Amino acid sequence: MENLNLILPEIFISLSIMFLLILGVFKNDSSKITFNLSLFAILITTIIIINETFSVTRETLFNESVVIDSMSSLMKIITLIGGFLVLVISSTYLKTFKIYNIEYPVLVLSSILGMMVMISSNDLIVFYMGLELQSLALYVLATYNRDQLKSSEAGLKYFVLSALSSGLLLYGCSLVYGFSGSTNFDIISNQLNSEEYVLTFGIVFILVGLAFKISAVPFHMWAPDVYEGSPTTVTLFFTIVPKVAALTVFIRFLYVPFLNLIDQWQMIIVFLSIASMVFGAVAAIGQTNIKRLIAYSSIGHVGYTLAGLATASNEGIQSSIIYISIYVVMNLALFSCLLMLRRKDQYYEDIDDLSGLSKNHPLLSLCLLLILFSLAGIPPLAGFFAKFYIFKAVLEQSMYFLAIIGLLSTVVAAFYYLRIIKIMYFDKEKDKYDTDHSLWLKFSLTVSTILILLYFIFPSQLVEVVSRINII
Amino acid sequence: MNFPILSSLILLPIVGALFLFFTKDKEGNNLTAKYVALFTTVVNFLISIYLWVSFDQSTSSFQFVEDRTWIEGFINYKVGVDGISILFIILTTFITPLCIISVNNSVKNRLRDFLIAILIMESFMIGVFCALDLVVFYLFFEAGLIPMFLIIGIWGGARRVYSAFKFFLYTLLGSVLMLVAIISIYWITGTTDVVQLYEIGIDVKYQNLLWLAFFSSFAVKTPMWPVHTWLPDAHVEAPTAGSVLLAAILLKMAGYGFIRFSLGLFPVASEVFTPLIYTLSVIAIIFTSLIALMQEDMKKLIAYSSVAHMGFVTLGIFTLQQQGIEGSIIQMISHGLVSAALFLTVGVVYDRMHSRLISTYGGLVSVIPKYSILFMLFALASLGLPGTSGFIGEFLILMGAFKDNFLVAVIASIGVILGAAYILWLYKRVVFGKLVNEDLKKMIDLNRSEYFILSCLAVPILFFGFYPDPLINTIEVSVTDLINTHNTNLASK
């Protein structure tokens, strides 16, 4: 008998989704209660994970098609916390656009479920199932503000391109299956050897599909448009949660089934990493819309996480996970600021709207200042340590070229972060924004900013948690 | 465990800044905020004086060392001072209160935020000078960019945005390579602790590249020709207090870094690259002195003179002679005082006339005599007249240079003449001559606080000019030891 306790989180969250749907159908005006219940469901799931699986080093279920290990538990927790915070800070935004419906929390929960399946997958088919579940939910979320042209456009674009990439991914999976005779990661790992050239095609197809999901250059084209068009809270969701899940799958693919083929994929990852870092830094310079700018900046940040993966060492993987965790916090803080730029039921998202913010809203602009310097990687803020660990791991493998390109692109990237700070602090002020923000929004901004600012006092804690993750 | 005096030096300004942060920002003249900041920095100055008094001058080992685990098994928070760094700490704590007194007229809006930025800046600068771990050093070194960027950008002059960006990006670009080098050192030797690194030494085959990476950062910060172009811009646009901090302390970080890290960690590479440093220093001395001659903006002229003076400093450091290095340190301290004083004197007339152009002035001596006398003193100190601290530094540097390389020393001596030329010409055009501009007649002489600040700077300039022993005694053992270790390292490799 399998130990079902280990996938209790997934089971619980699926049951909650079904229950919430039924509740939504039978009860009128149930959006508020579904929101609250879904938050509750996420909390309970997190607690279950902490209780049941957090101490598990490595267990497999269902003919080894699902794996529970320290990485999966940690990444699931990050996903859930991200989802939780996205849900709590979205309500005001959704109410403003009159899209405060039951579907929103249900879709968020379904995509989280998909991601949790992805994170735990140890089998091509399970992985693909999770991927499609989260993607389908995300397509709908992108178009959630359906009365707006841009939102529909974003959803359609995301759907078409994402479907294409899923197709590539599936083709890659079938090639790998053809050569290894199994869909199980562990068996594939034993069966594969690098002499088959066609197998390289399979790996490349899979990597392309995954690179698309985390929007690494040159498969990033969808990101700016989708990020700009989607409702801001959904953009926040896009920038953090699916990235965490996709990164985990990336790690899993590279270091379990394809570990023996490291010569084949290492150069690809290095290329993806360098291209993303450089392109993300350069392309963001000319942006005028904050959401588009964040899209390019997130491309750059993906480049740094990939740099950690390219090292083929446990330190590299750990540093990537640290990076993505800190990145999640920084993005949460950034979007909380963005959601505070509201004046009479209208949200502002152009960089010029920040003009002179420091005179009218000194605290908000101070938070934003810290967040932006942190994103730029200036010490002693958390963003610096994220980059520091990455480059520490990269240099351990003597990949000087990657490290130097990466650090130089942080200088370029610093330029556009500085530009925002310049607009906030050096330019003329505009009208005041509303200050009646929801408590949760203030809470998430305060907590994440404090985390960013004071991370340097206790840097060891995060390292300690992550150091339990040993994949290779 | 003794009282963590260095950490309290670093933390105290931050505590003051936090306190200010939670007070209400009043429009106009916010006296309370100023007093809080002043109190904090004066207390810090007193602590640093106590530090100097209780400092043991007879040993070159690090004192007041604090060593705490920071990132398990990787980085320790380690601070400590030796004879070289203690003087810079005192310079920092001495200049900062003067900056705060001087903000009277130059900063019109958001005084509280300005003071917070200055206080945070102070604690980072002290951190730089007492860090004994490369990563901790890098953290403080880089973190200083944030407040300085804001000081230039928010309270600066007309082209402040351009200058702030240039300052930030130049310095960051220089520093990232140093980060690569620091992490590489960790992987080569297994530690980033400076004291341990002094003992183990770094393999010769890595030294050249690592030295260059550190050099890229320090050269930008010094600034050395040809990467000095950010400095005139930053100086001209920064408010007076910002210029003072920049010239008096920020530039010294690089000189200090050269002594502590480039010489200490990479002895072989330092020897290899001495010709490079000599060339760049000599170019800096001659070339920027000539540029300074042509300036029409007073602040720009002083900024270029800073580049020239820092050229002397780098020259002195890499003579690797006792006199040269001691001279460099004294020159840095002296330049910290003199350039601060010169920027403040420019600030005084700028506050009254709102012009930095030399052509606006002329004949000031008959209107504001007190000012003219003090300005004269600082101008003479800047050109290195015997009896001022500037002389001791330049003299020792040239002495060291003559021992090591005759040609370089001769060219550098020409720089001394040029230095006299531009500063005296500046003085002549501003203070002497006919009083043409009618507006100048309405100028009032130094008010009490300005008089106080400038006298505070004049006293040590004269004192150390006549009696440099306190400085030399403090640094002597450390420098001798540095050179001895350097030579033994060279001999063994």
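Author: Helices (H or I, at least four residues) and strands (E, at least two) are DSSP runs, numbered from the N terminus. This is a predicted model, in which local features need pLDDT of at least 70 and side-chain atom pairs count only at pLDDT 80 or more, while totals for chains, interfaces and linings use all residues. Residues are numbered from 1 along each chain as its sequence is written, and chains are lettered from A and ligands numbered from 1 in the order in which they are written.

Reader: In which helix is the place of B:Ser216?
Author: Burial is judged by counting other C-beta atoms, placed from the backbone, within 10 Å of a residue's own: 20 or more make it buried, 12 or fewer exposed, and a count in between partly exposed. B:Ser216 has 19 such atoms within 10 Å and is therefore partly exposed. The element that holds B:Ser216 is helix H9 of chain B.

Reader: Which residues does B:Ser216 touch, leaving aside those up to four places away in sequence?
Author: Two residues are in contact if their C-beta atoms, placed from the backbone, lie within 7 Å. B:Ile151 lies 65 residues from B:Ser216 in sequence and 24 Å from it in space, C-alpha to C-alpha. With residues up to four places away left out, the residues that B:Ser216 touches are B:Gly174, B:Leu177 and B:Met178.

Reader: Which element gives the most to the side of chain B that touches chain A?
Author: The contact takes 24 residues from chain B and 23 residues from chain A. On the side of chain B, the elements giving two or more residues are strand S1 (63-71), helix H5 (134-143), helix H6 (145-155) and helix H7 (160-189). The element that gives the most, with 13 residues, is H7(B).

Reader: How many residues on that side of chain B are nonpolar, polar and charged?
Author: The classes follow residue type: Ala, Val, Leu, Ile, Met, Phe, Trp, Tyr, Cys and Pro count as nonpolar, Asp, Glu, Lys and Arg as charged, and the others, Gly among them, as polar. Applied to the side of chain B that touches chain A, the division is 19 nonpolar, 2 polar and 3 charged.

Reader: What confidence does the predictor give to chain B and to the complex?
Author: The predictor's confidence in each residue is pLDDT, from 0 to 100; its mean for chain B is 86, with 98% of the residues at 70 or more. Within chain B, confidence is lowest in S1(B), at a mean of 83, and highest in H5(B), at 90. For the complex, the predictor gives an ipTM of 0.89 and a pTM of 0.91.

Reader: Why can chain B be called as compact as a globular protein of its length?
Author: Chain B has 19 helices and 2 strands. The radius of gyration is taken over C-alpha atoms, and the globule rule is 2.2 Å times the number of residues to the power 0.38. For 493 residues that rule gives 23 Å, and chain B is as compact as a globular protein of that length because its radius of gyration is close to this, at 21 Å.

Reader: What percentage of the residues in chain A is buried?
Author: Chain A has 19 helices and 4 strands, and its C-alpha trace spans about 65 × 60 × 40 Å along its principal axes. Among its contacts between residues at least 6 apart in sequence, 79% join residues at least 24 apart. Of the 472 residues in chain A, the buried part is 57%.

Reader: Is A:Ser215 buried or exposed?
Author: A:Ser215 is placed in the loop between H8 and H9 of chain A, and has a positive phi of about 50° although it is not a glycine. Because it has 26 C-beta neighbours inside 10 Å, A:Ser215 counts as buried.

Reader: Where is A:Pro218 found?
Author: The peptide bond from A:Val217 to A:Pro218 is cis, with omega near 5°. A:Pro218 is found in the loop between helix H8 (197-213) and helix H9 (222-229) of chain A.
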